[in-house]
Amino acid sequence: ERRKKEGLPPFSFSIEQPRGHATKHKDFLRLEDPVKSGGHGAILVELHMCSFGAFFEGRPIKKPTLMWINMPVVAAAYQTADGRDAFLCKRARKCERCRRGKDHARVHGNCDKLVKYPHELVAHHCMAVQKM
């Protein structure tokens, strides 16, 4: 009942896809449509896996990733106070591992080598869910 009152669907979800794959499939983008108009009311966040400790051959992997989350509290755990994505590794705001002088390993088209989620990402997500 509470989720219905808040305009959210009756179930919770987080869907993760590599950015390149997700943008090829328009069905993912419809996840953001409001519940009232038949969508799922998801909030889109983008993150880079190196921010959560993803490595390949001893170097951090950027692996830009999109995540649709229909739990506002959980989505907020991936955003800054002003609603921007908090875990993007960019020149002006590199993640801790990349600030230590490590360049990103290139895995373009070879994401099979990074099938497991980094432990830090799973722990971060679980802690956010527990706050609900």
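Which residue forms a salt bridge with Lys63, and how far apart are the closest N and O atoms? The legends below take up this pair and other details of the chain.

This is a predicted model, in which local features need pLDDT of at least 70 and side-chain atom pairs count only at pLDDT 80 or more, while totals for chains, interfaces and linings use all residues. Residues are numbered from 1 along each chain as its sequence is written, and side-chain values use heavy atoms, with hydrogens and water left out.

**View 1. Overview of the protein chain.** The protein chain has six helices and five strands, where helices (H or I, at least four residues) and strands (E, at least two) are DSSP runs numbered from the N terminus. Read from the N terminus, these elements follow the order α-β-α-α-β-β-β-β-α-α-α. Of the 132 residues, 36% are buried, a class that means under 20% relative accessible area, with exposed meaning over 50% and partly exposed in between (1.4 Å probe, protein chains only). Among contacts (heavy atoms within 4.5 Å) between residues at least 6 apart in sequence, 69% join residues at least 24 apart. The accessible surface comes to about 8600 Å², and 53% of this area belongs to carbon and sulfur atoms; accessible areas come from the Shrake-Rupley method with a 1.4 Å probe, and for residues only the protein chains shown count as cover.

**View 2. The salt bridge of Lys63 with Glu16.** The partner of Lys63 is Glu16, and the closest N and O atoms of the two are 3.8 Å apart. The pair links distant parts of the chain, since Lys63 lies in the loop between strand S4 (59–60) and strand S5 (64–69) and Glu16 in strand S1 (residues 14–18), 47 residues apart. Both Lys63 and Glu16 are buried. A salt bridge here is a side-chain nitrogen of Lys or Arg within 4 Å of a carboxyl oxygen of Asp or Glu, and the structure holds four salt bridges.

View 3. Three strands form an open sheet in the order S1-S5-S2, with antiparallel pairing, where two strands pair if DSSP finds at least two bridges between them. S1 and S2 are the edge strands, each pairing on one side only. S2 and S5 are joined in the antiparallel sense over six bridges, and within this pairing Glu46 has Leu66 in S5 as its bridge partner. Glu46 also forms a salt bridge with Arg19, with the closest N and O atoms 2.4 Å apart. This pair links Arg19 in helix H2 (residues 19–22) to Glu46 in strand S2 (residues 43–48), 27 residues away in the chain. Glu46 counts as buried because its relative accessibility is 16%, whereas Arg19, with a relative accessible area of 35%, is partly exposed.

**View 4. The salt bridge of Asp82 with Arg84.** The side chains of Asp82 and Arg84 meet in a salt bridge at 3.1 Å, N to O. Asp82 is exposed, with a relative accessible area of 52%, and Arg84 is exposed as well, at 51%.

**View 5. A nonpolar patch on the surface.** Val73, Val129 and Met132 form this patch, and together they have about 230 Å² of accessible area. Patches are made of residues with over 30% relative accessible area and no salt bridge, like charges being joined within 9 Å and nonpolar side chains (Val, Leu, Ile, Met, Phe, Trp, Tyr) within 5 Å. Val73 lies in helix H4 (residues 72–76) and counts as partly exposed because its relative accessibility is 43%.
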